[in-house]
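Q: I have a structure open and want to get to know it. Can we go through it together?

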Amino acid sequence: MTPMIPPMLDFATGRLRGAELLEKSTTLADLHGLFADPAADAEVDSQTVLYRVAMLPGSGVEGDLNMGVTHLEAGRIGSEFFMTRGHMHARAEQAEYYFGLCGTGLLLLQDMAGVCRLEQVFPGSVHHIPGHVAHRLINTGETRLSALAVWPAIAGHDYKLMAERGFGLRILAGEDGAPRAVDSSMK
């Protein structure tokens, strides 16, 4: 009997291969209104891909896990760094893990009371995202940021909640280009 070759992950690049993948790209147009500076948003081609997600197909049944890699491009809209849409899980009690693969950035976490915290994402970093915590990746580096995610198949994604509430922090580039966190009510 010949053993099956499982899917493979290149930890240096975040590339998944060896399986039929589910892939999705998110453009600036898909994130309309997410960035703080509408004038700067209008200056960038709306079809610019900000991030891609490659996932192994999952069963979606209780007890199973999903696994995917997010590839977030480097760039800014005005002084605000490229970011993912961010979400809470539809079944909010479900936790998730992120693993930094390549590039550098931040993971923005926000609990139900609106309290935010930031964690640095870099190759080898491990991030536990507890249940009832919204999360968003932000690329503060000069190259693509890739992170592996593992979450319960039943967790689902609730993008609407965070679109309505918003995250309490924005990550902007200072005059020196270094990231700085500002209250979302400030621009």
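This is a predicted model: local features need pLDDT of at least 70, side-chain atom pairs count only at pLDDT 80 or more; totals for chains, interfaces and linings use all residues.

Q: Let's start with one residue. Is His128 buried, partly exposed or exposed?
A: His128 counts as partly exposed, at 36% relative accessibility. Buried means under 20% relative accessible area, exposed means over 50%, and partly exposed lies in between, with a 1.4 Å probe and protein chains only.

Q: What is His128 in contact with, leaving aside neighbours within four places in sequence?
A: Ala95, Glu96, Tyr97 and Arg117. Contact means heavy atoms within 4.5 Å. Ala95 is 33 residues from His128 along the chain, and their C-alpha atoms are separated by 7.5 Å.

Q: There's another histidine, His132. Where does that one sit?
A: In the loop between β11 (126-129) and β12. His132 is partly exposed, with a relative accessible area of 41%. It has a positive phi of about 65°, although it is not a glycine.

Q: Moving on to Arg136. Buried or exposed?
A: Buried, with a relative accessible area of 6%. Arg136 is found in strand β12.

Q: What is Arg136 in contact with, beyond four places in sequence?
A: The list includes Leu34, Met83, Leu107 and Phe167. Val126 is 10 residues from Arg136 in sequence, and 15 Å away in space, C-alpha to C-alpha.

Q: Big picture now. How many helices and strands are there?
A: The chain has 2 helices and 15 strands.

Q: How much of the chain counts as buried?
A: 42% of the 187 residues. As for contacts between residues at least 6 apart in sequence, 67% join residues at least 24 apart.

Q: Which residues have the most contacts inside the largest nonpolar core?
A: Phe35, Leu50, Leu107, Leu137 and Ile138, in a core of 35 residues. Strands β4 (49-55), β9 (105-111), β12 (133-139), β13 (145-152) and β14 (169-173) each supply at least two of its residues. Another core lies apart from it, with 6 residues, among them Leu9, Leu16, Val69 and Leu101. A nonpolar core is a set of buried Ala, Val, Leu, Ile, Met, Phe, Trp, Tyr and Cys residues joined through side-chain atoms within 4.5 Å.

Q: Why do such side chains group together?
A: In soluble globular proteins, nonpolar side chains tend to be buried together.

Q: What about strand β5? How many of its residues are buried?
A: 6 of the 8 residues of β5 (65-72) are buried, so this strand is largely enclosed by the rest of the structure. β5 pairs with β13 in the antiparallel sense over 8 bridges, and there Leu72 has Leu145 as its bridge partner. 5 bridges join β5 to β4, also antiparallel, with Val53 opposite Thr70. Two strands pair if DSSP finds at least two bridges between them.

Q: And β14? Which strand is joined to it?
A: β15 (residues 179-183), through 5 bridges, and the two run antiparallel. Leu169 has Asp183 as its bridge partner. This hairpin has 5 residues between the strands, and Gly177 takes a positive phi near 90°. 4 of the 5 residues of β14 are buried, so it is largely enclosed by the rest of the structure.

Q: Last one. How many disulfides are there?
A: The structure holds 0. A disulfide is a pair of cysteine sulfur atoms within 2.5 Å. Cys102 is buried, at 14% relative accessible area, and Cys116 is partly exposed, at 23%.

Methods. Residues are numbered from 1 along each chain as its sequence is written. Side-chain values use heavy atoms; hydrogens and water are left out.
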